Amino acid sequence: MAAKTTYDFDMMLSNAREAYGEELYKMACEGKDFVFTFSDNVAPSSSAGKLLKEFPERCFNFGIAEPDQVGASAGLALSGCTVFSQVFGPFLPLRAADQIHTDIAYNDVKVRLIGTHSGVTAGGGPTHNDIADLALYRAIPNLTVVVPADAAQCCKFIRASMDYEGPMIIRIDRAGSPNVYAEDYELTIGKAIETLEGTDAYIISCGSNLYECLMAAKMMKEKHGSSIGVLDMHTIKPLDEDAILRVAQKTDNIVTVEDHSINGGLGGAVAEVLCEVSYKGNFRRVGMPDEFAVLGSTDDIYHYYGMDRDGITAKLEEMLRL
């Protein structure tokens with residue numbers, strides 16, 4: 001059965017970047033044992049700022065030295081600590097790739113790297129876009145990679161990660177994403193969630209893009225009476241291949257949607273699974289093409305590249321020949 005979602009998105013905006021800090025603060029107040037490393041963009045007035053103020057002995061500021069921060073986080077983990085490490089997302093995979101690979105993943109340590117401002121949500125142009133990270137993370141052994149759909153799901157991942165072994169990437173956007181889920185639900189790392197059941201086509205997505213996918217499915221229902229399913233593939237690695245294969249058995253039309261390059265991310269991962277079972281249906285990827293993004297707001301960029309509800313709907317109409 002599909003999880004219950006909400007379409008009242010405009011009234012239900014939330015901020016995963018604030019939520020992770022609030023959850024860490026709650027966990028610290030509960031006596032959970034962890035340390036927090038962070039870069040210089042954590043404001044004292046933010047939720048994470050409360051953690052810094054009330055638990056300074058477990059918080060370490062590394063300024064703008066992201067590689068040093070990731071390396072030191074590995075050292076803290078090797079000493080026995082569970083480490084949450086907040087890093088400005090566009091700088092995490094490129095500047096600290098060596099430390100992620102060799103210090104974190106190779107040592108298989110309990111570090112949770114929270115990469116903020118994912119995809120094109122930073123709004124700073126190509127130098128501040130984070131569109132190649134999933135391709136890197138997928139190729140590094142031992143990494144678990146999760147992409148929360150909304151703030152509440154981010155909090156679930158933060159809390160669940162306390163009892164999860166090995167290193168983890170938690171990829172969140174900048175701010176102001178809609179709440180996708182209308183009520184509580186069970187979240188299991190590595191197990192996708194069917195947010196909407198369908199037969200004519202399925203959209204497989206992750207992160208805040210899930211919102212646009214649900215709205216596209218709603219538009220397709222209203223315009224054409226089409227039954228479009230939506231799968232929340234919140235865990236990119238390990239990938240829930242069984243969920244993909246179940247979808248492939250239900251429909252001859254699958255689309256992936258992600259705020260990432262179409263090369264090497266969620267779309268590539270799903271394509272690999274489908275190719276290995278000789279999927280005979282139609283498959284399309286929606287995401288950033290192989291180019292540096294145009295300048296603009298997140299909504300403008302999504303619309304320009306067909307990553308918003310209108311673009312996703314158009315892709316589905318093309319596939320279904322409507």
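The dialogue below goes through sheets, a helix pair and cavities.

Tutor: This is a predicted model, in which local features need pLDDT of at least 70 and side-chain atom pairs count only at pLDDT 80 or more, while totals for chains, interfaces and linings use all residues. Residues are numbered from 1 along each chain as its sequence is written, and side-chain values use heavy atoms, with hydrogens and water left out.

Student: What makes α3 roughly parallel to α5?
Tutor: Helices are DSSP runs of H or I with at least four residues, and strands are runs of E with at least two, both numbered from the N terminus. Axes are lines fitted to C-alpha atoms, for helices over the stretch in contact, and angles run from 0 to 180 degrees between N-to-C directions. Helix α3 (residues 66-78) and helix α5 (residues 97-105) pack at about 5°, with their axes 9 Å apart. Angles under 35 degrees count as roughly parallel, over 145 as roughly antiparallel, 65 to 115 as roughly perpendicular and the rest as oblique, and therefore α3 is called roughly parallel to α5.

Student: Which residues of α3 and α5 meet there?
Tutor: Contact means heavy atoms within 4.5 Å, and P67, V70, G71 and A74 in α3 meet Q99, I100, D103 and I104 in α5. Ala, Val, Leu, Ile, Met, Phe, Trp, Tyr, Cys and Pro count as nonpolar, Asp, Glu, Lys and Arg as charged, and the others, Gly among them, as polar. The residues of this contact accordingly divide into five nonpolar, two polar and one charged.

Student: How do you know that β2 and β4 pair?
Tutor: Two strands pair if DSSP finds at least two bridges between them; four bridges join β2 (residues 35-38) to β4 (residues 83-88), and these strands run parallel.

Student: Why are β3 and β12 said to stand at the edges?
Tutor: The open sheet of seven strands has the order β3-β2-β4-β5-β7-β6-β12, with mixed pairing. β3 (59-61) and β12 (235-237) each have a single partner strand, so one side of each is left without a neighbour in the sheet. The twist from one strand to the next averages 20°.

Student: Which strands stand at the edges of the open sheet of five strands?
Tutor: In the order β9-β11-β10-β13-β14, again with mixed pairing, β9 (193-196) and β14 (282-288) each have a single partner strand, so one side of each lacks a neighbour in the sheet. Within this sheet, five bridges join β10 (residues 201-205) to β11 (residues 228-232), which run parallel, and Y202 has G229 as its bridge partner in β11.

Student: What makes a space in this structure a cavity?
Tutor: On a 1 Å grid over the protein atoms alone, a cavity is a set of points where a 1.4 Å probe fits but cannot get out, and lining residues have an atom within 4 Å of a point. The structure holds two cavities of 30 Å³ or more, a volume being the space filled by probe spheres set on the points, which are joined across faces, edges and corners. About 140 Å³ lies in the largest cavity, where S118, P148, D173, G207 and S208 are the closest to the centre of the 22 lining residues. Its lining has nine nonpolar, eight polar and five charged residues.

Definitions and conventions: 1 Å grid on protein atoms, 1.4 Å probe; cavity = no way out; pocket = protein on both sides within 12 Å on 5 of 7 lines; lining within 4 Å.
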